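Here are a few exercises to get you started. Have the sequence and the 3D view open as you go.

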Amino acid sequence: MSDYILEMNGITKEFTGIKALDDVNFKVERGEIHCLIGENGAGKSTLMKVLSGVYPYGTYDGDIVFEGDVQRFNEINDSVKAGIAIIYQELALFPDLTVYENIFAGNEIRKGPFVDWNETIVQSVKMLEKVKLKVDPETLIKDLGVGKQQLVEIAKTLSKEVKLLILDEPTAALNENDSENLLELLKELRSQGITCIMISHKLKEVISIADKATILRDGKTIVTLDAHKGEISESVIIKNMVGREIADIYPKRLDHEFGDTVLELNNWSAYDSQLGRHVVKKANIQLKQGEIIGIAGLMGSGRTELALSIFGNPKKYKVEGDMQVNGRDVQFKHTSDAIKAGIAYVTEDRKGNGLFLINDIKNNLTAAHLKGISQSGVLNLNEEVKVGSEYRKSLHIKTSSLELAVGKLSGGNQQKVSLGKWLFTGPKILILDEPTRGIDVGAKFEIYTIMNELIKQGMSIIMISSELNEIIGMSDRIYVMAEGAITGELSRAGTTQEAIMELATQ
Amino acid sequence: MSFFNEARFLIKTNIRDYGMYIALFVIMLTFSVMTDGLFMSSRNISNLLDSAGYIAVLAVGMTLIIVIRHIDLSVGFVAGFLGAVAAIFLTQMGLSVWLVIPIVMVFGIIIGLFNGFLVAKIGIPSFVATLAGMLIFRGALLNVTESTGTIIVNDDLFNSLGNGFIPSLVEVNGLHLLSVLVGAVGIALYIYSELSTRRNKVTYGFEVISLPIFIVKLVFVSFIIGYITWVLAGYNGFSWTVVIMLLVVVIYHFLSTKTVLGRNIYAVGSNPEAAHLSGINVTKITMIVFGSMGMLAALSGILFTARLQSATTTAGTLFELDAIAAAYVGGVSSAGGVGKVTGAIIGAIVMASLSSGMNLLGVGISYQYMIRGGVLAAAVIFEVMTRKQRG
């Protein structure tokens, strides 16, 4: 009989009609390292949020059994008290405080009503030894590299009585050396009896460290593999991750000839000085007129960063390499330059940086191309209504009125407004970043149909997507990215999801 | 849709826009009743509008500043300082009014652009950058008035900006003819613009409000313009301050609602990141809005100096807070992207009405502050509630 520290039985979690988790079973044995694997959107994060009490008891179906008792976590603090600690990708440290202050933040060692700083320092040195981090505890967090910050975060969780440690893609932001150190540390903690759940996209890591691996797909548990029975291998994992059939939801497209190269990148790199690393590494890309190229890759692989570095570089990366539009070398100082050159970028985060949610639909549709409805700086508001009506019709935007605030529309209709806004600029090159994220199947099909219509009109499209089906279903050619670099180029014919996933998890 | 249903629908959907007009109406009606009509007397209304002028122009600029999610605390003493500079140019250097006004306005623009530079290019929070400006210009005002103390301005042309009235031509039955004409032209222009907008919409095939409602609206607004004209014409007619205030509103209203620049300002306020990704130069827009604020601060300083016929060492004290209050009463939202220029003027008039009415009633100054604070809080509560409704 196995000794399970955690059993999650029949967990189902719905968001307004969509099942994010569907009868998930997940069991973790005491003292093992258990990897949780799945594509973006497979339900890993949701499952961990259910476990940690972010989604309180009662908002999901199923049981959480931890240490033999059924748990009812109403908030995160409840799960922390029970001994469950999660370390997210986005570290929750205070950059302007010292290492020791961070380790005991929210868990201060007290002497009467006051904080006992001396004891805090003594204890934090012990914690740092546990995670094998050799730094002065008085160092400020912001002066440490990401790898060391991660160790501080682990030290912080160890300062509380943690029985189950959950790490969400801990190595995503780390270089190879730091990653290896971290994995070594996890093994070390395992020998001290701490159970660990690790979410990871990097299969090599999984293979090197996991005792067991559970694979989620579309909110369902697919399989749990046991390393000690020799079940874990790259090909088995990939097969189980993707094994989805390509549904027949992609509109038929007639074969057609491509025109000249409209966009070319040579040795294109982008350095993010805030992160202190390259987000795009020596990318070479060509896009022909009338072509759809897909950019596949997991989240954080540099796809959006690549798009932004092309589109006038609003994040102010340090960019190197050549970009040619229609055979001419270009350098964009501002997004407006890119727009002038005929490039449009439909963002993945339409609510965050795509739309003006409090403004009405027609306002949003014209926002990137006010020239189209004005003469010497004076707007023709009637013309705006006309433009709005045209896009409402051609893109099938379902709304009671063009004067409705965009924030009140459904996701699919918001996406259409976002798309319409860029079509109105009359682009030659359209970059679509996750064009169908968070919208229903019907709206997806409409977006695909519009894309086909656009290339027929001579536009070229770069489509960034996490959905492998979509990439294979829509693209003429596919570039796969991993950690900022392009790891492969595939043609539409004969590409499999496995082949893409292999390149994406390099 | 029946007449009343349509009217109710229009009021319900536009409650946010009509709210402050209704508030102003209620305030004026209350004071009129309580003062036996003294509040609505020609003389009082004329004084009230004149006293609102220098805050109203600041409130217009402040509204746009708040729309783009910033604040400008320096405007009070910038106004005070530039008012003193104008006085010095006029008295000590003997420059002509026609030269002084544009020069001082240009100074205002330069100061505003500098604030904008600190905020947009260097990235200093506007609260801090303009707080520094507030201290600097307070010092500058004291510095230029140090040797002389209060500077008396004797230039009649200049002073008429704050105290004078447009010429009357002839008085008919105690009414000033030119002012009546101005009012009549105003009504004619209003009706013409409404008609042409409607005709334009019809040629585009758009829906318009039904004819009865349209006529009621025309008659109602024309009546209000006519009534105000009649009230003012019974005293001294339109003052230059009112004329300047109207000009500022008309120009800024046009800029903010009918131009690419205006649309970009609201886009930046609504979502700066989306604005940047839409090809809008957020830095440039921020500079322009602060520049315009500086220009209006200069105008405010000119109006205030002209009104007092002198530049004092404390001119401009707390103007910035009055302007911010007026902007909020006028419906601007601190979350950005929402707020109208016309609202700012109404806000300024509401605040001036409260002071004027309470003075007439002999309410003590301590209670006056409390009541004005209460009205400001109520206006912001109303704004927050209607925004939730908007979603």
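## Exercise 1: domains of chain A

Chain A falls into domain 1 (4–246), domain 2 (249–342 + 427–439 + 448–505) and domain 3 (350–426), with bounds from an automatic or database domain assignment. This is a predicted model: local features need pLDDT of at least 70, side-chain atom pairs count only at pLDDT 80 or more, and totals for chains, interfaces and linings use all residues. Residues are numbered from 1 along each chain as its sequence is written, while chains are lettered from A and ligands numbered from 1 in the order in which they are written.

Describe how domain 1 of chain A meets domain 2 of chain A.

Step 1. Taken over C-alpha atoms, the centres of domain 1 and domain 2 of chain A are 33 Å apart.

Step 2. Each side puts 13 residues into the contact (C-beta atoms, placed from the backbone, within 7 Å).

Step 3. On the domain 1 side, helix H8 (residues 234–242) of chain A gives the largest share, four residues.

## Exercise 2: two helices of chain B

Work out how helix H11 (residues 260–270) and helix H13 (residues 282–308) of chain B are arranged.

Step 1. Their axes come within 10 Å and cross at roughly 110°.

Step 2. H11(B) brings Asn264(B), Ile265(B) and Val268(B), and H13(B) brings Val282(B), Ile285(B) and Val289(B).

## Exercise 3: confidence

Find the confidence scores for chain B and the complex.

Step 1. Chain B averages a pLDDT of 92 (the predictor's confidence in each residue, from 0 to 100).

Step 2. The complex gets an ipTM of 0.86 and a pTM of 0.82.

Note on methods. Axes fitted to C-alpha atoms, helices over the stretch in contact; angles between N-to-C directions. Contact = placed C-beta atoms within 7 Å.
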